[in-house]
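Good morning, and thank you for coming. Please look at the model on the screen while I take you through a few of its parts.

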Amino acid sequence: MSTLEIRDLHVAVEDKEILRGVNLTVRAGETHALMGPNGSGKSTLAYAVAGHPKYTITSGTVTLDGEDVLSMSVDERARAGLFLAMQYPVEVPGVSVSNFLRSAVTAVRGEAPKLRVFTKELKEGMDALSIDPAFAQRNLNEGFSGGEKKRHEILQLELLKPKIAILDETDSGLDVDALRVVSEGVNRFGASGETGVLLITHYTRILRYVKPDFVHVFAGGRVVEEGGPELADQLEAEGYERYTKATA
Ligand code: ADP
Ligand code: MG
Ligand code: MG
């Protein structure tokens, strides 16, 4: 069973310390929600684990099944089974969804799938998500609605079958359609037992649809409280105020 382990992770951006000792363990088959106020460092954690060059690891470790993730290139992280969906996907004119997905699958598997095999896989994945077949020929992220962005994100999960998926969601841009797509995708992946999901979110709204096994409250660049789904209900009722006071 796959395990992502983050131990006492400290991360700086432009010499400013943002993450101040993050500890978090995500196992395949578990769904974790990481919740916290704006500016608490949630996206910084996602970028740092993904290997974004702007984020400097000053100390601590990140391992996937005991392998040192921090010494891997971005591609190696993907091949090792880490998947990261960012808040703001980039538009790539001239690259179709289908081409993009085939490249991603090739990068992760280490060899290009036969076109016929890939086409079938893609069709099955799209059918499962009720995606219009024409979507595969659209330019990547160009003019995507919130719901389409999210369908594309979950379609990547279907095809790449990562060991650990980190989904950084602002929720703010999520309409009800997008919310439903993400929730169904996350619930299905959680239930498959093969993928561990870390769902990063500011608003508690999404947790009406997704039932996480674990909830972590993030404030001031570290995890300040942990619990089960009941913690999400408490946050929805009370907000983050008592955590932001404590770390100010
Ligand atoms: P969250 O996702 O919880 O809202 P972020 O990780 O985006 O928080 O930001 C945490 C802090 O780090 C903020 O003070 C933000 O200004 C700073 N920060 C994050 N990324 C960058 C960056 N690329 N350049 C400069 N500052 C950054
Ligand atoms: Mg420390
Ligand atoms: Mg963020």
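How many nonpolar, polar and charged residues does the shell around ligand 1 have? In this predicted model, the shell has 2 nonpolar, 7 polar and 3 charged residues. Among the residues that surround ligand 1 are Val13, Glu14, Asn38, Lys42 and Lys54. The element that gives the most to this shell is helix 1, residues 42-50, with 3 residues.

Let me turn to the strands. Strand 1, residues 3-13, and strand 2, residues 16-27, run antiparallel and are joined by 9 bridges.

My last topic is helix 7, residues 229-238. Leu231, Ala232 and Leu235 are buried in this helix. Why may we say that the buried residues line one face of helix 7? Seen down the helix axis, they fall within an arc of 105 degrees, and therefore they line one face. As a general rule, an α-helix has 3.6 residues a turn, so residues three or four places apart point the same way.

What do the buried residues of helix 7 pack against? Their partners are strand 3 (31-35), strand 11 (214-219) and strand 12 (222-227). On the face turned away from the buried side, we find the exposed residues Glu230 and Ala237. After helix 7 comes Gly239, with a positive phi near 75 degrees.

Methods:
Residues are numbered from 1 along each chain as its sequence is written. Chains are lettered from A and ligands numbered from 1 in the order in which they are written. This is a predicted model: local features need pLDDT of at least 70, side-chain atom pairs count only at pLDDT 80 or more; totals for chains, interfaces and linings use all residues. A residue is near a molecule or strand if its C-beta atom, placed from the backbone, lies within 6 Å of it. Helices (H or I, at least four residues) and strands (E, at least two) are DSSP runs, numbered from the N terminus. Ala, Val, Leu, Ile, Met, Phe, Trp, Tyr, Cys and Pro count as nonpolar, Asp, Glu, Lys and Arg as charged, and the others, Gly among them, as polar. Two strands pair if DSSP finds at least two bridges between them. A residue is buried if 20 or more other C-beta atoms lie within 10 Å of its own, exposed if 12 or fewer, and partly exposed in between; C-beta atoms are placed from the backbone. The arc is that of the directions from the helix axis to the C-beta atoms. Two residues are in contact if their C-beta atoms, placed from the backbone, lie within 7 Å.
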